[in-house]
Amino acid sequence: MPLPVKTAFGKWLIIGVVLTNLIVMMMVAFSIVQSRGLSVESAKVTTQNLVDVLAHNINNDIVKVDILLQVCVDEIERAYTAEKVDGPALTAFLERQQQRLTHIESLRATDTQGIALYGLGVPAISPPSMADRDYFLLQRDNPNAGLVINKPVLSRLNKIWVLNVSRRINYPDGSFAGVVFSGTALAYYHKVFAGLNVGKRGAINLRDQDMGAVARYP
């Protein structure tokens, strides 16, 4: 039996409304998915840009430290070649160089046994030994080690956690004479990271080549 006109019209109206709602819901869902995809992609780009900037800045800091270390190596090796090693003069020289880079906490040099002899804050009596530090052992055993960046350690003189960067010192015959090394406080990197806006749930991690944690903020 045919449906009354009004009833048939009402049925198709309901079907039309339902279909319209479904289409609208699908469009909204598609828009949300698309918007989320764009947001995720935007977040990836922003994160990569932030990483690139941080890597560039940290690399520049390391380059500056390395130049300073090489200058110190040249000065100490010159003293060994001339056989005119003046301890106080070398300490004063290292102190002047340290003042050129405000972000480093220390700039010191050792003898062949790893005893810290020159640099600001090195005590004349019972100076500390660095003979067990990884950077010292690597520089001692490998003449071609070049620039060595150590894992974070607790400074034996400054009593703070630092990142050591070192260079080998040679005698005129090429044999091992010690190392010159700098120490940058991990607090320096925390301060740098704190100046970046990574959102309420964001975090910045600085890791070494073995993925060991060097510094983290917050």
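**Strand β1 and its partners**

I began at R108 and found it standing opposite F181 in β6. This is a predicted model, so I read everything below as computed from it. I then looked up how the two strands run: β1 and β6 pair in the antiparallel sense, over four bridges.

Next I checked the other neighbour, strand β2 (residues 116-119), and saw three bridges joining it to β1, again antiparallel. T110 has A116 as its bridge partner in β2.

**How enclosed is β1?**

I went through the strand residue by residue. Five of the five residues of β1 are buried, so the rest of the structure largely encloses it. A handy reminder for myself: in a regular strand the side chains alternate between the two faces of the sheet. Here both faces are covered, with S106, R108 and T110 buried on one side and L107 and A109 buried on the other.

**L107 and the cores**

I listed what L107 touches, skipping neighbours within four places in sequence: its contacts include L68, L69 and C72, then L94, Q97 and Q98, and also V180, F181 and S182. L107 turned up again in the largest nonpolar core, which has 30 residues; L94, L107, I169, V180 and Y189 are the members that touch the most others. I noted which elements give two or more residues to this core: α1, α2 (87-98), β1, β5, β6, α4 (186-194), β7 (204-207) and β8 (213-217). The largest share, 10 residues, comes from α1. Apart from this core I found another, of 10 residues, with A116, Y135, V148 and V179 among them.

**Helix α3**

Which residues of helix α3 (residues 134-141) are buried? I got Y135, F136 and Q139. Looking down the axis of α3, I saw its buried residues fall within an arc of 100 degrees, so they line one face of the helix. I also asked what covers them, and the cover includes β1 (106-110), β3 (148-149), β5 (161-170) and β6 (176-185).

**D61, a charge to come back to**

My last stop was D61, which is found in helix α1 (residues 5-82). D61 is buried yet has no salt bridge. The nearest side chain of opposite charge is K64, at 4.8 Å, whereas the salt-bridge cut-off is 4 Å. Not counting residues up to four places away in sequence, D61 touches H103 and Y188.

Note on methods: Residues are numbered from 1 along each chain as its sequence is written. This is a predicted model: local features need pLDDT of at least 70, side-chain atom pairs count only at pLDDT 80 or more; totals for chains, interfaces and linings use all residues. Side-chain values use heavy atoms; hydrogens and water are left out. Buried means under 20% relative accessible area, exposed over 50%, partly exposed in between (1.4 Å probe, protein chains only). Lys and Arg count as positive and Asp and Glu as negative; His and the chain ends are not counted. Contact means heavy atoms within 4.5 Å. The arc is that of the directions from the helix axis to the C-beta atoms. A nonpolar core is a set of buried Ala, Val, Leu, Ile, Met, Phe, Trp, Tyr and Cys residues joined through side-chain atoms within 4.5 Å. Two strands pair if DSSP finds at least two bridges between them.
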